[in-house]
Amino acid sequence: MAEDAFTAHRPLLFTIAYEMLGSADDAEDVLQESYLRWSAVDPADVEHPRAYLVRVVTRQALNHLRSVRARREDYVGPWLPEPIRTAPEVSDDAILAESVSMAMMLVLETLNPTERAVFVLHDVFGYPHGEIAASIGKSEVTVRQIAHRARRHVHARRRRFEPGSATTRDVVRRFLLATAGGEVQPLMDLLAPDVVVLSDGGGKAVAARRPITGREDAARFALGVARAGTDTTRFEHATYNGMPAARFVVDGALDWLLAFEIHDGRITGLYGMRNPDKLHRAGTVRALDRGERNRPADAARAPRREDAERGTRRDER
């Protein structure tokens, strides 16, 4: 049945759409649009359902991304991707964990839509240039050029990344204890000298309108946030975008979310989300997937999969 095939590949399709769009809501819209197209197709005409569905989702995500870029340029304050709650085991796939991290998603935001699609499909999911070319309506030669340009851009801006682990979670625990107790020096010891704080309120909640850089300013910001808490504020440890995070709950409702970027035991990035439009689904754990055959490809960081199935309908050949 068409629904069964779509459901089976849904984690992969959602992951592709989310990495292209940076929004779980938009990714869900793309999946809904793609399902409607899929349900109108005779499954007997599709040789490889997964490849065909990836092509449909890619095209829908590209269309969606082009339409929302102008809206993001007018965003109030720093824009952050909509955080998605991920299972701790997402860290077992280092490429997947890094690709959905806040830092990487912000780098992807600096690519144009076509560059982003090519980078995501090739370097994260391992699709060959020829298959990507068919998905985005470009020649294979052009896709190779786009891939090279996008990879160079990403690698120049890529931040160091460590997926969530027992060690990084301990750093988060110590950070929360230090801020709750107003302990300045222990807090400073946990922050890297070049730490960056980004907070997204979207003009709908109180948040810093500009990035905060440096250990001293970051510590003042963290202590100020802690002092603004109430007796009914409680925090919960969680994993978001493959990163250790803390959920701050006030009177039973999620008020804000803080994700931690950690390297060598120091916090190098803090990503705070307060925009209520991006928090309303933040309790849902998202199933992510790069596709089974990508699992052993970690060594290259840009896996090649020239033997991938072709996502063409028989009547298109």
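Modeller: One definition comes first: a residue is buried under 20% relative accessible area, exposed over 50% and partly exposed in between, with a 1.4 Å probe and protein chains only. This is a predicted model, in which local features need pLDDT of at least 70 and side-chain atom pairs count only at pLDDT 80 or more, while totals for chains, interfaces and linings use all residues. Residues are numbered from 1 along each chain as its sequence is written, and side-chain values use heavy atoms, with hydrogens and water left out.

Colleague: Where is the place of Ala205, then?

Modeller: Ala205 sits in the loop between strand 2 (191-200) and strand 3 (212-213). Ala205 is partly exposed, at a relative accessible area of 24%. Helices (H or I, at least four residues) and strands (E, at least two) are DSSP runs, numbered from the N terminus.

Colleague: What does Ala205 touch?

Modeller: Not counting residues up to four places away in sequence, Ala205 touches Arg274 and Pro276. Contact here means heavy atoms within 4.5 Å. Ala205 and Met273 are 68 residues apart in sequence, and their C-alpha atoms are 9.4 Å apart in space.

Colleague: Let us step back. How many helices and strands are in the protein chain?

Modeller: The protein chain has 12 helices and eight strands. Its radius of gyration is 20 Å, close to the 20 Å that the globule rule gives for 317 residues, so the chain is as compact as a globular protein of that length. That radius is taken over C-alpha atoms, and the rule is 2.2 Å times the number of residues to the power 0.38. The C-alpha trace spans about 65 × 35 × 35 Å along its principal axes.

Colleague: What share of the residues is buried?

Modeller: Buried residues make up 53% of the 317 residues. Of the contacts with a separation of 6 or more, 70% are between residues 24 or more positions apart.

Colleague: And which residues have the most contacts inside the largest nonpolar core?

Modeller: They are Phe14, Ile16, Trp38 and Leu108, in a core of 54 residues. Helix 4 (residues 49-73) gives the largest share of this core, nine residues. A second, separate core of 25 residues includes Val172, Leu258, Ile262 and Ile267. A nonpolar core is a set of buried Ala, Val, Leu, Ile, Met, Phe, Trp, Tyr and Cys residues joined through side-chain atoms within 4.5 Å.

Colleague: With which residues is Trp38 in contact?

Modeller: Leaving aside neighbours within four places in sequence, Trp38 is in contact with Ala2, Ala5, Phe6, Val46, Pro49, Tyr52 and Leu53.

Colleague: Turning to Leu12, where does it lie?

Modeller: Leu12 lies in helix 2 (residues 10-21) and counts as buried, at 3% relative accessibility. Beyond four places in sequence, its contacts include Arg50, Val54, Phe125, Tyr127 and Asp289.

Colleague: Is Arg286 buried or exposed?

Modeller: Arg286 counts as buried, at 10% relative accessibility, and lies in strand 8 (residues 285-286). Among its contacts outside four places in sequence are Phe14, Glu28, Ile84 and Arg281. Arg286 and Tyr240 are 46 residues apart in sequence and 9.5 Å apart in space, C-alpha to C-alpha.

Colleague: What about Thr268, buried or exposed?

Modeller: Thr268 is buried, with a relative accessible area of 4%. Its place is in strand 7 (residues 266-273). Not counting residues up to four places away in sequence, Thr268 touches several residues, including Arg159, Arg160, Asp194, Glu261 and His263.
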